[in-house]
Amino acid sequence: MEVLAQGIGAIFTDPDADKAREFFRKKSRALKPKVMSVKEAVEKFVHDGDYLCIGGFGANRIPAAVCHEIVRQGRKNMGFAGHTSTHDFQILCAGEVFNKLDVAYIVGLEARGLSPNARRYMESGKVNVSEWTNYSLSVRFKAAAAGVSFYPARNIMGTDTFHYSGAKIIQCPFTGTKYAAMPAIWPDVSAIHVHEADIYGNCRIRGITVSDLDVARASKHLIITCERLIQNDEIRRDPSYTSIPYWCVDAVCEVPYGSYPGNMYGEYFSDEEHLREWLKVEENPEEFKKFLDKNIYSCKDHFEYIEKNGGMHKLLKLREKEFMFSKARD
Amino acid sequence: MAEYNTMELMICTAARELEDGACVGVGTGAPCAAAMLAQKAHSPNLVILFEAGGAAPLIPEMPISVGDSRTTWKAVMASGMCEIMETACRGMLDYTFLGGAQIDMYGNLNSTRIGPDHQKPKVRFPGSGGANDFASFCWRMMVMTPQDPKRFAEKCSYITTPGWLQGGDSRAKSGLPLGAGPYKIITNMAVMDFEPESKRMRIIAINPGYSEKDVQDNCGFELLRAKKIVENKPPTKQELSILRDQIDPYRYVIGR
């Protein structure tokens, strides 16, 4: 197929579908318990140099405990999908975990403002950057989930976003229409936070799914953190609720309030006070170092982090905030 | 006439563009306020889409994120990014509102970087997010932005999001879907559209208290002028009360 134009950005993962099939051919389909701690899951499945994807949407339904643990264990030289990443990106930048980056949305925390530390890191020249968009990365995962090497999309053409991407422009063999061919990404490892999972990794998600259903299927290894473990009988009672099947999953970690300080649909709202503190303290690198010592490096796990930031009292307030509309309006 | 600030005027101007039954893709902040105002004032069946997956919510108050729980409040569906962008690519997204650090005369937007070195930029911004996607697919892309000569730049350091690209038929030739593109630019001073042939930005309405000269003086490139330039209508009392009492009581957006 003729390539009409091509971007100069790097492609950090191999888009070869047959190589991916060889990997998935060997991936276990055994129905076995996969419950472990976050610490264990990161030790086992997240390695220096791996390409990583984080589920959710920045500060909504994110596996915050896994992000902290990756920083705590000092992973380096990773590739990362900066796909709808906000607070997760901020955490990973704090550990300078990655040096290869596919960008769709980074550095910002939406209406909350920009992260000074993430900006410093991205302006340092230490990161090899390839430029994409939210939809472009979504379809790169979609292609991988479908077991094909690329996906045709009608965005990014004509812009610098295309020029600094690794996409190629091709022509439809039926109509002659131009498409940007987006290469599949099979991440080495991803982490997704869900509402409920059984011990084998069958998952239920409420609210928006962002790109997580494709990310789960595209990933070579997948760590699930969940608000609650549920019985396998409950999964089988009504399988229509299952959105990630167990054969995609390598580790299941029960982490209630696992998206904190992010929002969790139908459970708790984001801790805006704490997120403001992150952004503020990043302005001063010395203060930020102390902040990280307190909130990440000296914490045994996610619960110690939550304890240090208001514990159960704070969490109940955030639950109230999540539910206040039903109180106020109905 | 009611007292109002320029942010309120911009939101009201934007809201009036959204007719009942239309479909609009929005982010947080002013665009979301405009969509909420339209829904409460005159377009109860406005379909609001959020890129993260929220589809047709009846938003109770300003979301802080395009993926937070408010974006699916009484929605018809909590979906995902592909669902929303595929709906747009299929041709069902009428409007979207975007912004950026820079905009040029063809409505191209920069939200990626300032400085020539891509790997070591002088200033790094978030990047496209869903902006390039919405602008590629949406029939009528609009921009809400304060107007100053730095932001309205002769040339963007980087084109994150497509406007009419290099003008003329360059967008059609690029491969982007035909017939879609920038529609209106709403600023604190004026409303601009694009001259149909050259696709250059052109003044069509001036906000109360500003002159054509003010608009040109606060723009880094030469603006075209429509044959008839009208005075933009100020917000009505009803619009202001909905905006202040129901949509943004804490002044997150209109207090700026």
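Visitor: What makes a local feature or a side-chain pair count here?
Guide: This is a predicted model, so local features need pLDDT of at least 70 and side-chain atom pairs count only at pLDDT 80 or more, while totals for chains, interfaces and linings use all residues. Residues are numbered from 1 along each chain as its sequence is written, and chains are lettered from A and ligands numbered from 1 in the order in which they are written.

Visitor: Why is chain A called as compact as a globular protein of its length?
Guide: The radius of gyration is taken over C-alpha atoms, and the globule rule is 2.2 Å times the number of residues to the power 0.38. For 330 residues the rule gives 20 Å, and chain A has a radius of gyration of 20 Å, so the description holds. Its C-alpha trace spans about 60 × 50 × 45 Å along the principal axes. Chain A has 13 helices and twelve strands. These are DSSP runs, numbered from the N terminus: helices are H or I with at least four residues, strands E with at least two.

Visitor: Why are α3(A) and α4(A) called roughly parallel?
Guide: Axes are lines fitted to C-alpha atoms, for helices over the stretch in contact, and angles run from 0 to 180 degrees between N-to-C directions. Under 35 degrees counts as roughly parallel, over 145 as roughly antiparallel, 65 to 115 as roughly perpendicular, and the rest as oblique. Helix α3 (residues 64-72) and helix α4 (residues 87-94) of chain A pack at about 10°, with axes 9 Å apart. They are therefore roughly parallel.

Visitor: Which residues meet between α3(A) and α4(A)?
Guide: A:Cys67, A:His68, A:Ile70 and A:Val71 of α3(A) meet A:Asp88, A:Ile91, A:Leu92 and A:Ala94 of α4(A). Contact requires C-beta atoms, placed from the backbone, within 7 Å.

Visitor: What makes α1(B) a mostly covered helix?
Guide: Ten of the eleven residues of α1 (residues 6-16) of chain B are buried. Among them are B:Met7, B:Leu9, B:Ile11 and B:Arg16. The cover includes α2 (30-41) and α7 (237-247) of chain B.

Visitor: Which residues have the most contacts inside the largest nonpolar core?
Guide: They are A:Ile224, B:Ile11 and B:Leu37, in a core of 181 residues. Such a core is a set of buried Ala, Val, Leu, Ile, Met, Phe, Trp, Tyr and Cys residues joined through C-beta atoms within 7 Å. α2(B) gives the most to this core, with eight residues.

Visitor: How many residues of chain A are in contact with chain B?
Guide: 51 residues of chain A are in contact with 49 residues of chain B. The largest share of the chain A side, four residues, comes from α6(A). In chain B, the buried residues of α3(B) pack against α6 of chain A, together with elements of chain B including α4 (131-137).

Conventions: Contact = placed C-beta atoms within 7 Å. Buried ≥ 20, exposed ≤ 12 C-beta atoms within 10 Å, placed from the backbone.
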